[in-house]
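Hello,

Here is the structure I said I would pass on. Please open it alongside this email; my notes follow below.

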Amino acid sequence: MVTVEYRIDRRSGVPAFQQIVQQTKQALRLGVLVPGDRLPTAKEVAEVSTVNPNTTLKAYRELEREGLVEPRPGQGTFVRRTLGRPETGTDSPLYGELVAWMAKAAGAGLEQDDVTALVASAMDKQYAAGTTAATGSTGATTTRSSTGE
């Protein structure tokens, strides 16, 4: 069973429903959520994140519209398809390199905002030209139990 805990940043200026959509997509890209996983109920999200259940329902409708999840009456909302690719998972070599780089950045005294600025700048430079060739690579907290529940 997967437990997704949405973290809503009320100071970000991004609507709460959009943060839920973004965090769900991130979990789908990282392979944390996979087809068949059940998302938390709107009531569960409301209790943990202090958002109105309708906010979560709006996010889930958006995810459904994009074909990522499907509601099953009386059962909940389930992941229909993933956004992940093998190279984007947390067990990929690229992820390991990124974690090592983050540790190096922290060791050099950079704070989270500094790292965010560097990563955003590098991403802009890499992808703004429309190229994905390498030049030299929320949100939500998730846990998966190994019991398959």
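Val-69 sits in strand E2, which covers residues 69-72. Its relative accessibility is 2%, so Val-69 counts as buried, the cut-off being under 20%. Pro-35 is 34 residues away from Val-69 along the chain, yet their C-alpha atoms are separated by 8.5 Å. Please keep in mind that this is a predicted model.

As a general point, nonpolar side chains tend to be buried together in soluble globular proteins.

Which residues does Thr-56 contact beyond its neighbours in sequence? They are Ile-20, Ala-42, Val-45 and Val-51, leaving aside anything within four places. Thr-56 is in helix H3. Thr-56 counts as buried because its relative accessibility is 0%.

Lys-25 belongs to helix H1. Is Lys-25 buried or exposed? Lys-25 has a relative accessible area of 19%, and the limit for buried is under 20%, so it is classed as buried. Not counting residues up to four places away, Lys-25 touches Leu-63, Glu-66, Leu-68 and Leu-83.

**Salt bridges**

The count comes to 6 salt bridges. Side chains of opposite charge can pair when their charged atoms come close. Three of the pairs are described here:

- Arg-65 and Glu-62 meet at 2.7 Å, N to O. Both lie in helix H3, 3 residues apart, which is about one turn of the helix. Arg-65 is exposed, with a relative accessible area of 61%. Glu-62 is partly exposed, at 21% relative accessibility.
- Arg-11 and Asp-9 pair through their side chains at 3.9 Å, N to O. Arg-11 is exposed at 78% relative accessibility. Asp-9 is partly exposed at 34%.
- Glu-44 and Arg-38 form a salt bridge at 3.9 Å, N to O. Glu-44 is partly exposed, at 34% relative accessibility. Arg-38 is partly exposed too, with a relative accessible area of 26%.

Leu-98, Trp-101, Met-102, Leu-110 and Leu-118 make a nonpolar surface patch of about 390 Å². Which helix gives the most to the nonpolar patch? Helix H4 (residues 93-107) does, with 3 residues. Trp-101 is in helix H4. Trp-101 counts as partly exposed because its relative accessibility is 35%.

**A backbone angle to look at**

Thr-50 has a phi near 50 degrees. That is a positive value in a residue other than glycine. Most residues other than glycine have a negative phi. Thr-50 is in the loop between helix H2 (42-49) and H3. With 59% relative accessibility, Thr-50 counts as exposed.

**Confidence**

The average pLDDT for the protein is 84, and 83% of the residues score at least 70. Where pLDDT is low, the predicted coordinates should not be read in detail.

Best wishes

Methods. Residues numbered from 1 in each chain as written. Predicted model: local features only at pLDDT ≥ 70, side-chain atom pairs only at ≥ 80, totals over all residues. Heavy atoms only, no water. Patch = residues over 30% accessible without salt bridge, like charges linked within 9 Å, V, L, I, M, F, W, Y side chains within 5 Å. Areas by Shrake-Rupley, 256 points an atom, 1.4 Å probe, with all protein chains shown as cover. Salt bridge = Lys/Arg side-chain N within 4 Å of Asp/Glu carboxyl O. Helix = DSSP H or I, 4+ residues; strand = E, 2+ residues; numbered from the N terminus. Buried < 20%, exposed > 50% of the residue type's maximum accessible area, 1.4 Å probe, protein only. Contact = heavy atoms within 4.5 Å. pLDDT = per-residue confidence, 0-100.
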